[in-house]
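These are my notes from a first look through one structure. I went from the core to the strands, then to the charged and aromatic pairs.

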Amino acid sequence: MEGILFQFQEKQKFSLLKRFLYLIFILLVSHSCNKNDEEVQVKESVWTTKSFNYKHDGLVRSYILYKPQNFKKNSPLVFVLHGFGSSSLNIMSYSQMNLIAEENGFMVCYPQGSILPTGQSHWNANLQMSSVDDIGFLSNLAKEVQTIYQINPKNIFVSGMSNGGFMSYTLACEKSDVFKAIASITGTMSGKDWENCNPSFDIPVMQISGTNDRTVPWDGTMSTAYGWGGAPHIKQVVEFWADQNQCDVDQKINFPDIDISDKSTVSLQKKKGSLKNNQVWFYTVDGGGHDWPGSWGNKDISATKEIWKFFSHHLK
């Protein structure tokens, strides 16, 4: 009887030992798996150009980011806004701002305007034909990108072609706390912006206008239909912003006529003297049309290079 009891006790000990060893094995395997999981993390592939979606005011909006290979935190951010009926891909292509960004290490954002019932993409620069909140969309998007990529909030700029130029002025009027300088290529201020503009902070402005522009006439004769027209001659608009920035010193620069096949010529009037070192730059393309100089129309200057030259002058 005692022999049977001894055998039974030995079997129990062996069974307990097996269970103990099994638990040790499970713990070792589990620890090994967790360690491997920690070591083999899935990382996002390196990218320079990428499309994103952003929901604002019930609409899903899209934008393209260009992040240069040498991008570092605390770098500048430049928004580039397309014209009426155009797209973010289109202006990214013809402006070639990515090349300038790669050379200088700043990020570029190309947002996409929303579509009107008539089918055209647009920016609502306080126009009568739209109720889309582009002021909120673009300013909130700027803050979002600034936070994610640790952009210097003092160096967020906005530029645009035509309707994108209109929108840049709208942001200068209403979001000078977010955007620190603007550049308008063949744009101007909408009628409502001209009547109501009261920026919270001084904001430097750059403008390029062609004297033969029939789409956005530089003399202020654009139709007031849908809220587009209403601003005066672009020279008066420039003077408004020069006064806002307390710029009382003029400097004129004539660019050499490089492209002899094109009869237009370019001059730059720099308005300086601000105690904050803010400036207003006004480029006149004499004989120029509704063009982005350097891409089409006048080739004596590159609007893209001039935009960055202007923004880099106002880096903080």
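**Core.** I took a nonpolar core to be a set of buried Ala, Val, Leu, Ile, Met, Phe, Trp, Tyr and Cys residues joined through side-chain atoms within 4.5 Å. Buried means under 20% relative accessible area, exposed over 50%, and partly exposed in between, with a 1.4 Å probe and protein chains only. The model is predicted, so I noted the limits: local features need pLDDT of at least 70, side-chain atom pairs count only at pLDDT 80 or more, and totals for chains, interfaces and linings use all residues. Residues are numbered from 1 along each chain as its sequence is written, and side-chain values use heavy atoms, with hydrogens and water left out.

I looked up the largest nonpolar core and found 49 residues in it. Which of its members touch the most others? They are L65, F79, Y149 and W241. I then listed the contacts of W241 (heavy atoms within 4.5 Å), leaving aside neighbours within four places in sequence. The partners are Y169, A172, C173, M189, C197, P199, I203, V205 and V280. Another core, of 32 residues, lies apart from this one, and its members include F157, A183, W292 and W308. In soluble globular proteins, nonpolar side chains tend to be buried together.

**Strands.** Helices (H or I, at least four residues) and strands (E, at least two) are DSSP runs, numbered from the N terminus. I began with strand β8, residues 182–185. Its residues I182 and S184 point one way, A183 and I185 point the other way, and all are buried. In a regular strand the side chains alternate between the two faces of the sheet.

Next I checked the neighbours of β8; two strands pair if DSSP finds at least two bridges between them. Strand β7, residues 156–161, runs parallel to β8 and is joined to it by four bridges. I182 is the bridge partner of V158. Strand β9, residues 205–210, also pairs with β8 in the parallel sense, over four bridges. Here Q207 of β9 stands opposite S184.

I traced the connections as well. From β8 the chain passes through helix α6, residues 191–196, to β9, in a right-handed β-α-β crossover. A crossover is right-handed if, with the strands pointing away from the viewer, the path from the first strand over the helix to the second runs clockwise. β7, helix α5 (residues 163–174) and β8 also make a right-handed β-α-β unit.

**Salt bridges.** I searched for side-chain nitrogens of Lys or Arg within 4 Å of a carboxyl oxygen of Asp or Glu. The whole structure gives five salt bridges. In one of them, the side chains of D134 and R61 meet at 3.0 Å, N to O. D134 lies in helix α4 (residues 134–148) and R61 in strand β2 (residues 59–66), so this pair ties together parts 73 residues apart in sequence. D134 is buried at 0% relative accessibility, and R61 is buried at 4%.

K271 and D250 form a salt bridge with their closest N and O atoms 3.1 Å apart. K271 is in strand β11 (residues 265–272) and D250 in strand β10 (residues 249–254), so the pair joins parts 21 residues apart in sequence. Is K271 buried or exposed? K271 counts as buried, at 4% relative accessibility, while D250 is partly exposed at 49%. I also found that E239, D250 and K271 are linked in a network of salt bridges.

**Aromatic pairs.** Rings of Phe, Tyr and Trp (its six-membered ring) pair if their centres lie within 6.5 Å; planes under 30 degrees apart count as stacked, over 60 as edge-to-face and the rest as tilted. My search of the whole structure returned 18 aromatic pairs. F166 and W228 are an edge-to-face pair, 5.1 Å centre to centre with 85 degrees between the planes. The pair links distant parts of the chain, 62 residues apart, with F166 in helix α5 and W228 in the loop between β9 and α7 (234–244). F166 is buried at 1% relative accessibility, and W228 is buried at 13%.

W194 and F240 are also edge-to-face, at 5.6 Å centre to centre and 65 degrees between the planes. W194 sits in helix α6 and F240 in helix α7, 46 residues apart. W194 is partly exposed, with a relative accessible area of 21%. My last entry is an aromatic cluster formed by W47, F52, Y63 and Y149.
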